[in-house]
Amino acid sequence: MIELSVDGEPLRAPAGQSIAAALLAAGRRSLRASPSGDPRGLYCGIGVCQECRVQADGRVVRACVTPVAAGMRVTTGYT
């Protein structure tokens, strides 16, 4: 298990698990807000739709295909 930070809160997840899977396992369903403010989450799960975009260590990534890493800082934009 490794520890990362999600929206300033610690989260433990298995090394190599995707960010999206770690967030879903932790009970998170919304990853960001749409321009209208509606919650957005995991949709396709294979990196095509880009609905799961988050920031990881300052870079915009697709949470469904990006593995967690020790010390990673994730900002979802929807808390």
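Which residue in E2 stands opposite valine 6? The residue is glutamate 9.

## Basis of the report

This is a predicted model, in which local features need pLDDT of at least 70 and side-chain atom pairs count only at pLDDT 80 or more, while totals for chains, interfaces and linings use all residues. Residues are numbered from 1 along each chain as its sequence is written, and side-chain values use heavy atoms, with hydrogens and water left out.

## The sheet

Strands (E, at least two residues) and helices (H or I, at least four) are DSSP runs, numbered from the N terminus. Two strands are said to pair if DSSP finds at least two bridges between them. Five strands make up an open sheet with mixed pairing, in the order E2-E1-E7-E5-E6. Its edge strands, E2 (9-13) and E6 (59-62), each pair on one side only.

Strand E1 (residues 2-6) pairs with E2 in the antiparallel sense, over five bridges. E5 and E6 are also antiparallel, with four bridges, and valine 54 has valine 61 in E6 as its bridge partner. Two residues separate E5 from E6 in a hairpin, and aspartate 57 in the turn has a positive phi of about 50°.

## The nonpolar core

A nonpolar core is a set of buried Ala, Val, Leu, Ile, Met, Phe, Trp, Tyr and Cys residues joined through side-chain atoms within 4.5 Å. Buried means under 20% relative accessible area, exposed over 50%, and partly exposed in between (1.4 Å probe, protein chains only). The largest such core has 19 residues, and Leu4, Ile19, Val54, Ala63, Val68 and Val74 have the most contacts inside it. E1, E2, helix H1 (19-25) and strand E5 (53-56) each supply at least two of its residues; the largest share, four residues, comes from H1.

Contact means heavy atoms within 4.5 Å. Leaving aside neighbours within four places in sequence, leucine 4 has contacts that include Pro10, Leu11, Val68 and Val74.

## Salt bridges

A salt bridge is a side-chain nitrogen of Lys or Arg within 4 Å of a carboxyl oxygen of Asp or Glu. By this rule, the count is two. In one of them, arginine 28 is joined to aspartate 7, with the closest N and O atoms 3.1 Å apart. Arginine 28 lies in the loop between H1 and strand E3 (32-33) and aspartate 7 in the loop between E1 and E2, so the pair ties together parts 21 residues apart in sequence.

Arginine 40 and glutamate 51 also form a salt bridge (3.0 Å, N to O). Arginine 40 is partly exposed at 34% relative accessible area, and glutamate 51 is partly exposed at 21%.
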